[in-house]
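Here are my notes for anyone opening this one for the first time. Have a look at the chain first, then read the points in order.

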Amino acid sequence: MRLSYRSCRSGRVKVYEQTGPLDFCCQEMRDEWGIVIGFGIKGHALTSSREVNIFTLHPQSTGAIIPGITEIHYCPWCGEEIKVVRVKRESSSVGSEEDRTCTH
Ligand SMILES: [Zn+2]
């Protein structure tokens, strides 16, 4: 499958957001996208991770549950390669891509 992302700046932090249409490799990926697998961190449109990740939960002895991510490069269902493509700045607006402010 294939998806694209772009970088932007949220305050002083550089983050990434998924952009454009998703090209799913199989129905399982389509069904599970955003639930057990997705771009970056679950529930966050902007993320410091620019990979496709499996979402995991790690219960601690204190009772807290810490969410985790595991980066993957191939679909766990059909085995197709996951291509993550960075989108370059499309307009000729002033300033570098890194200075673009997040839309979220
Ligand atoms: Zn697949």
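1. A term first: a residue is buried if 20 or more other C-beta atoms lie within 10 Å of its own, exposed if 12 or fewer, and partly exposed in between, with C-beta atoms placed from the backbone. By that count, 10% of the chain's 104 residues are buried.

2. Keep in mind that this is a predicted model, where local features need pLDDT of at least 70, side-chain atom pairs count only at pLDDT 80 or more, and totals for chains, interfaces and linings use all residues. Residue numbers start from 1 along each chain as its sequence is written.

3. How confident was the predictor? Its score for each residue is pLDDT, which runs from 0 to 100. The chain averages 89, and 88% of the residues score at least 70.

4. On to the layout. Helices (H or I, at least four residues) and strands (E, at least two) are DSSP runs, numbered from the N terminus. You'll find 1 helix and 7 strands here, and along the sequence they read β-β-α-β-β-β-β-β.

5. Strands pair if DSSP finds at least two bridges between them. Inside it, strand S1 (residues 2-10) and strand S2 (residues 13-23) run antiparallel, joined by 8 bridges; Ser4 has Thr19 in S2 as its bridge partner.

6. The other open sheet to look at has 3 strands, ordered S3-S5-S6, and its pairing is antiparallel. Its edges are strand S3 (37-39) and strand S6 (65-71), each with a single partner strand, so one side of each is left without a neighbour in the sheet. Strand S5 (residues 52-59) is joined to S6 by 7 bridges, and Ile54 stands opposite Thr70 in S6.

7. Which residues does Ser10 contact, leaving aside neighbours within four places in sequence? Contact here has C-beta atoms, placed from the backbone, within 7 Å, and the partners are Val15, Leu46 and Cys102. Ser10 belongs to strand S1 and is partly exposed, because 13 other C-beta atoms lie within 10 Å. Ser10 and Cys102 are 92 residues apart in sequence, yet 5.7 Å apart in space, C-alpha to C-alpha.

8. For the chain as a whole, take contacts between residues at least 6 apart in sequence: 48% of them join residues at least 24 apart.

Note on methods: Contact = placed C-beta atoms within 7 Å. pLDDT = per-residue confidence, 0-100.
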